[in-house]
Amino acid sequence: MGGWQDGQGTLTVPGRDEPVDLLIAASYRTRARGLLGRDGLDGAIMLTPCTSVHTFRMRFTIDVAYLDRELRVLHVHTLPPGRLGLPRLRSRHVLEAEAGAMARWGVRPGVQLSIGSIRSIRSIDGA
């Protein structure tokens, strides 16, 4: 899938019956904002393109999954506030969710994710 735009969709994880609500942050502005200023997140947010993230000025611990171009999970780890994640050179997208969510959903290295029901929106933060 190419030409990503800011939007909302669903994330499908193999072996999970229900899809996960997904925000897509593709513009510079929405990627830079990410989860800053939020107290939590229902579902997940995908930053694209993206090879690394940080949790400076964040209010909660997050799970981070690095995905390749085909949305295959390369690496998953948990980042508490105030940390800098190492860049993953083969990563094209980063999926973020509240700590513990990735394990509950079955997101782990090697899993092939898919995204559906995408609706474009002007900006995720409402601007």
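Residues are numbered from 1 along each chain as its sequence is written, and side-chain values use heavy atoms, with hydrogens and water left out. Because the model is predicted, local features need pLDDT of at least 70 and side-chain atom pairs count only at pLDDT 80 or more, while totals for chains, interfaces and linings use all residues.

## Cores

The largest nonpolar core has 22 residues. A nonpolar core is a set of buried Ala, Val, Leu, Ile, Met, Phe, Trp, Tyr and Cys residues joined through side-chain atoms within 4.5 Å. Buried means under 20% relative accessible area, exposed means over 50%, and partly exposed lies in between (1.4 Å probe, protein chains only). M46, L95, W105 and L113 have the most contacts inside the largest core. Helices (H or I, at least four residues) and strands (E, at least two) are DSSP runs, numbered from the N terminus.

A second, separate core has 16 residues, among them A25, L36, I45 and I62.

What does M46 touch, leaving aside its neighbours within four places in sequence? Its contacts (heavy atoms within 4.5 Å) include W4, L22, L23, I24 and A25. L67, L71, H93, V94, L95 and I115 are also in contact with M46.

H93 lies in strand 6. H93 is buried, with a relative accessible area of 1%. Residues up to four places away in sequence aside, H93 touches W4, M46, L47, T48, C50, A65, Y66, L67, D68, R69 and L71.

E96 also lies in strand 6. E96 counts as buried, at 3% relative accessibility. Beyond residues up to four places away in sequence, E96 touches L35, L41, A44, I45, L47, V53, I62, D63 and M102.

## Strand 1

T10 sits in strand 1 (residues 7-12). T10 is buried, with a relative accessible area of 18%. Leaving aside neighbours within four places in sequence, T10 is in contact with P19, V20, L22, S114, I115, G116 and S117.

How far apart in space are some residue pairs? The table gives C-alpha to C-alpha distances for three of them.

| Pair | Apart in sequence | C-alpha to C-alpha |
|---|---|---|
| T10 and D21 | 11 residues | 4.8 Å |
| H93 and R83 | 10 residues | 19 Å |
| E96 and Q5 | 91 residues | 17 Å |

## Loops

The loop between strand 3 and strand 4 holds T55, P49 and R57. Is T55 buried or exposed? T55 counts as buried, at 0% relative accessibility. Not counting residues up to four places away in sequence, T55 touches I62, L79, P80, P81, G82 and R83.

The peptide bond from T48 to P49 is cis, with omega near -10°.

R57 is not a glycine, yet R57 has a positive phi of about 65°. R57 counts as exposed, at 70% relative accessibility.

L71 is found in the loop between strand 4 and strand 5 (73-79). L71 is not a glycine either, and its phi is positive, at about 70°. L71 counts as buried, at 9% relative accessibility. L71 is also one of the contacts of M46 and of H93.

## The largest pocket

Rolling a probe the size of a water molecule over the atoms shows where empty space is left. The largest pocket holds about 190 Å³ of space. A pocket is an open set of points, on a 1 Å grid over the protein atoms alone, where a 1.4 Å probe fits, with protein on both sides within 12 Å along at least five of seven lines. Its volume is the space filled by probe spheres set on the points.

Helix 1 (residues 28-33) gives the largest share of the lining, three residues.

## A charge over a ring

The charged end of R88 sits over the ring of Y66, 5.5 Å from its centre. The rule asks for NZ of Lys or CZ of Arg within 6 Å of the ring centre and within 35 degrees of the ring normal.

Technical notes: On a 1 Å grid over the protein atoms alone, a cavity is a set of points where a 1.4 Å probe fits but cannot get out, and a pocket is an open set with protein on both sides within 12 Å along at least five of seven lines; lining residues have an atom within 4 Å of a point.
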